[in-house]
Amino acid sequence: MHYETPQFFHVMQYAAAADGDVIDMVSGNPDWEPPEAIRTGLTQYAERDAADFQYPPSDGLAALREEIAARRNVAVDRVIITNGTGEANYLAMARAFDDSRGDEVVLIDPVYPYYLGKTELLGGTPRLVATDDDGRLAAEKTCEAIGEDTALVVLNTPNNPTGAVYDLESIRTVVECAAAHDALVVVDEVYDHFDFSGRFESALTLDAGNVIVTSGVSKSMAITGFRVGYAVFPPALIEAAKTRHMLVNVATSRPAQRAVLTAYRETDPGYYAAARDRLESRIDSFTAALDEAGAAYTTPDGAFYVLARFDDFPGTMANVKTLIDEIGVAGMPGATFGTARTDWIRFALVTPRVDEAAERLAAYFADR
Ligand SMILES: Cc1ncc(COP(=O)(O)O)c(C=O)c1O
């Protein structure tokens, strides 16, 4: 099998090697502080007994699983703690291949590239279904793509890269179509704390036997380096996923889980609201600059990315490199995200230099 290194690394390396000062709008690393309780939780951990430096339960610290189960309103035995949402997605996607007769994975285009990579890794065949122009889930079209060969559908809301927040009815339609063909639906909700529309509703509220919800705290607590995420499986599907997690990882880091538990308990909602406010003001200034540059874009309802299309400047890898070289702004080429937005460039707004990047882009495209 041939594994492709995600394009993201390629752009990051190019930007790092560039001569000038480059504003990184490639990666999804929050640039703000984690909750204070993350630091205190970690510090306290250092003083614990040696026994606390040993293997945690493979499926996660019981108290953390209970905390998440209570927050997500599900039974605790449905929750498994993973190495980030990334591993949760892998376990959930792999689970679909255990029982399925088919090997097709229905993905929504534009698509978060790791779903494509994981599909390949699992020996599946991706089948891309385009969203509408605003990035909304095209439920009927998605249903048409689901058939006998479908093992799995993967959804992501709030969405990377479009910023769309899917309405629950569209998700329900897709889930029902998938159920009719014995296919699973994975709903990645890692951006659940970044909903600016107030419309986000978790797919867990559907309480469906074929839905696995994944999420994590990389983004919400600004700790992408901790690698703590989770998956909520339907009761009938979780045991095999726990075994896969145990065989591949043994467990998830114990100090990281403990610090996250402390942060869940001690962080008030104001922390998350401040992160949302910060992002909303960045979205305002960035999209104002895109207006000045005459670019097309959709204002995101959630997550922290903006997809933009500039006249006569398609979002190819070559043009992304041109922006790095000429104005020191690094984004991601649209082709990274499937086939639907190859002319577009994705900008991640997780840098304090969004205004500066916006000014550089506006000036560059005004002069062209
Ligand atoms: C849609 C989506 N899912 C999952 C992840 C990975 O999250 P984690 O750091 O929790 O593994 C990302 C990271 O950018 C993402 O955008």
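The largest share of the shell around the ligand, three residues, is contributed by helix H4, which spans residues 84-99; helices here are DSSP runs of type H or I with at least four residues, strands are DSSP runs of type E with at least two, and both are numbered from the N terminus. This is a predicted model, in which local features need pLDDT of at least 70 and side-chain atom pairs count only at pLDDT 80 or more, while totals for chains, interfaces and linings use all residues. Residues are numbered from 1 along each chain as its sequence is written.

The shell as a whole consists of 13 residues that surround the ligand, and the closest are Gly84, Thr85, Gly86, Gly216 and Ser218; a residue is taken as near a molecule or strand if its C-beta atom, placed from the backbone, lies within 6 Å of it. By class, the shell has two nonpolar residues, ten polar ones and one charged one, where Ala, Val, Leu, Ile, Met, Phe, Trp, Tyr, Cys and Pro count as nonpolar, Asp, Glu, Lys and Arg as charged, and the others, Gly among them, as polar.

From the ligand we can turn to the strands. Seven of them form an open sheet with mixed pairing, in the order E2-E8-E7-E6-E5-E3-E4, and two strands are said to pair if DSSP finds at least two bridges between them. Strand E2 (79-82) and strand E4 (125-130) each have a single partner strand and stand at the edges, so one side of each is left without a neighbour in the sheet. From one strand to the next, the twist averages 20°. Within this sheet, strand E5 (residues 150-156) and strand E6 (residues 184-188) run parallel and are joined by five bridges, and leucine 152 stands opposite leucine 184 in E6.

Helix H4 also packs on this sheet, where it touches E2, E5, E6, strand E7 (211-216) and E8, and its direction makes about 165° with that of E7. Helix H3 lies across E2 and strand E8 (229-232), running at about 120° to E2. Such angles run from 0 to 180 degrees between N-to-C directions, and the axes are lines fitted to C-alpha atoms, for helices over the stretch in contact. Residues are in contact if their C-beta atoms, placed from the backbone, lie within 7 Å.

The loop between E5 and helix H7 (168-180) holds proline 158, which is joined to threonine 157 by a cis peptide bond with omega of about -15°. In the loop between H7 and E6 is aspartate 182, whose phi is near 55°, a positive value in a residue other than glycine.

How do the helices pack against one another? Helix H3 (residues 62-72) and helix H9 (residues 254-266) meet at an angle of about 40°, with their axes 9 Å apart. That angle makes H3 oblique to H9, because angles under 35 degrees count as roughly parallel, over 145 as roughly antiparallel, 65 to 115 as roughly perpendicular and the rest as oblique. Ala63, Leu64 and Glu67 of H3 make the contact with Gln257, Val260, Leu261 and Tyr264 of H9, and by class this contact of H3 with H9 has five nonpolar, one polar and one charged residues.

H9 is also packed by helix H2 (residues 36-46), at an angle of about 135° and with the axes 8 Å apart, which makes H2 oblique to H9. The contact of H2 with H9 has seven nonpolar, three polar and two charged residues. H4, for its part, packs with helix H8 (residues 238-249) at an angle of about 125°, their axes being 10 Å apart, and this makes H4 oblique to H8.

A further open sheet is formed by four strands in the order E9-E10-E13-E12, with antiparallel pairing. Strand E9 (296-297) and strand E12 (332-333) stand at its edges, each with a single partner strand, so one side of each is left without a neighbour in the sheet. Two bridges join E9 to strand E10 (residues 305-309), and alanine 296 stands opposite arginine 309 in E10. Helix H10 (residues 269-292) lies across E9, E10 and strand E13 (345-348), running at about 5° to E10.

Note on methods
Two residues are in contact if their C-beta atoms, placed from the backbone, lie within 7 Å.
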